[in-house]
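I opened the model today to look up packing, salt bridges and surface. My notes follow.

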Amino acid sequence: VARDLVERYRIAPAAKVTVVPVGIPLAPFLAIDAARRAAARAAFGIAPGTPVGVLAGRLVPVKEPAVALDAWRWVRTAFPDATLLVAGDGPLRAPLERRGDAGVQFLGWRDDVPGFVAAADVVLVPSRWEGMPYIVLEALAAARPVVATRVDGARALIEEGRTGFLAELESPPSIAAALR
């Protein structure tokens, strides 16, 4: 973000920009264990062994939730019982729900992020732009891999092939391949 302000948008010289590191409480994510995982899955009606993805955030165009749902359709061709938990709200929620995608549960706005991340096998971040995606930090603290698009914030946090995978922007096949 600082680089964009200075180099891309030329809003201010580098000497006038200070980067403040993100400080979020990660203890609830570090505490996720097998019992918490089982309880979270049971709370959402998900059977043990079912592949589970999480998409969390505002349901707005820049976050590309429709691309995520399109990718999830591809995932379900290989894993027909796979479930995607969509946590968040916004103007795209109603149209996305009307699609009626199989294997997708819309949770609405939630303030218990550790509660649904605990159920996940993978966290999905298909955005067109991210500064510092908190959900990536939270997923990594919970030892959950992340599949994200190749945007600045995600590229800075994800170690390709170790903590997750980076996919091409606006490409359901690329995201689905990374998820698989």
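Which residues is Val 117 in contact with, leaving aside its neighbours within four places in sequence? I find Phe 29, Ile 32, Ile 135, Ala 139, Ala 142 and Arg 144. Contact here means heavy atoms within 4.5 Å.

**Ground rules.** This is a predicted model: local features need pLDDT of at least 70, side-chain atom pairs count only at pLDDT 80 or more, and totals for chains, interfaces and linings use all residues. Residues are numbered from 1 along each chain as its sequence is written, and side-chain values use heavy atoms, with hydrogens and water left out.

**Cores.** I looked up the nonpolar cores next. Such a core is a set of buried Ala, Val, Leu, Ile, Met, Phe, Trp, Tyr and Cys residues joined through side-chain atoms within 4.5 Å. Buried means under 20% relative accessible area, exposed over 50%, and partly exposed in between (1.4 Å probe, protein chains only). The largest core holds 29 residues. Leu 85, Phe 116, Val 117, Val 123 and Val 146 have the most contacts inside it. Two or more residues each come from strand 1 (52-56), strand 2 (83-87), helix 6 (113-117), strand 4, helix 7 and strand 5. Helices (H or I, at least four residues) and strands (E, at least two) are DSSP runs, numbered from the N terminus. Helix 7 gives this core its largest share, 4 residues. A second, separate core has 22 residues, including Leu 69, Ala 71, Val 122 and Ala 176.

**Helix 7.** Which residues of helix 7 are buried? I list Ile 135, Val 136, Glu 138, Ala 139 and Ala 141. They pack against helix 2 (27-30), strand 1, helix 6, strand 4, strand 5 and helix 8. Ala 143 follows helix 7, with a positive phi near 60 degrees.

**Salt bridges.** A salt bridge is a side-chain nitrogen of Lys or Arg within 4 Å of a carboxyl oxygen of Asp or Glu. By this rule I get 16 salt bridges.

- Arg 128 and Glu 170 meet at 3.8 Å, N to O. Arg 128 lies in the loop between strand 4 and helix 7, and Glu 170 in the loop between strand 6 (164-167) and helix 9 (172-179), so the pair ties together parts 42 residues apart in sequence. Arg 128 is partly exposed at 36%, and so is Glu 170 at 48%.
- Arg 150 pairs with Glu 168, the closest N and O atoms being 2.8 Å apart. The loop between strand 5 (146-149) and helix 8 (152-157) holds Arg 150 and the loop between strand 6 and helix 9 holds Glu 168, so this pair ties together parts 18 residues apart in sequence.
- Asp 152 pairs with Arg 155 at 2.7 Å between the closest N and O atoms. Being 3 residues apart in helix 8, they are separated by about one helical turn.
- Asp 70, Arg 73, Arg 99 and Asp 101 are linked in a network of salt bridges.

**Surface.** Which residues form a nonpolar patch on the surface? I note Val 1, Leu 5, Tyr 9, Ile 11 and Trp 129, with about 520 Å² of accessible area together. Patches are made of residues with over 30% relative accessible area and no salt bridge: like charges are joined within 9 Å, nonpolar side chains (Val, Leu, Ile, Met, Phe, Trp, Tyr) within 5 Å. Accessible areas come from the Shrake-Rupley method with a 1.4 Å probe; for residues, only the protein chains shown count as cover. Trp 129 sits in the loop between strand 4 (122-125) and helix 7 (134-141). Trp 129 counts as partly exposed, at 43% relative accessibility.
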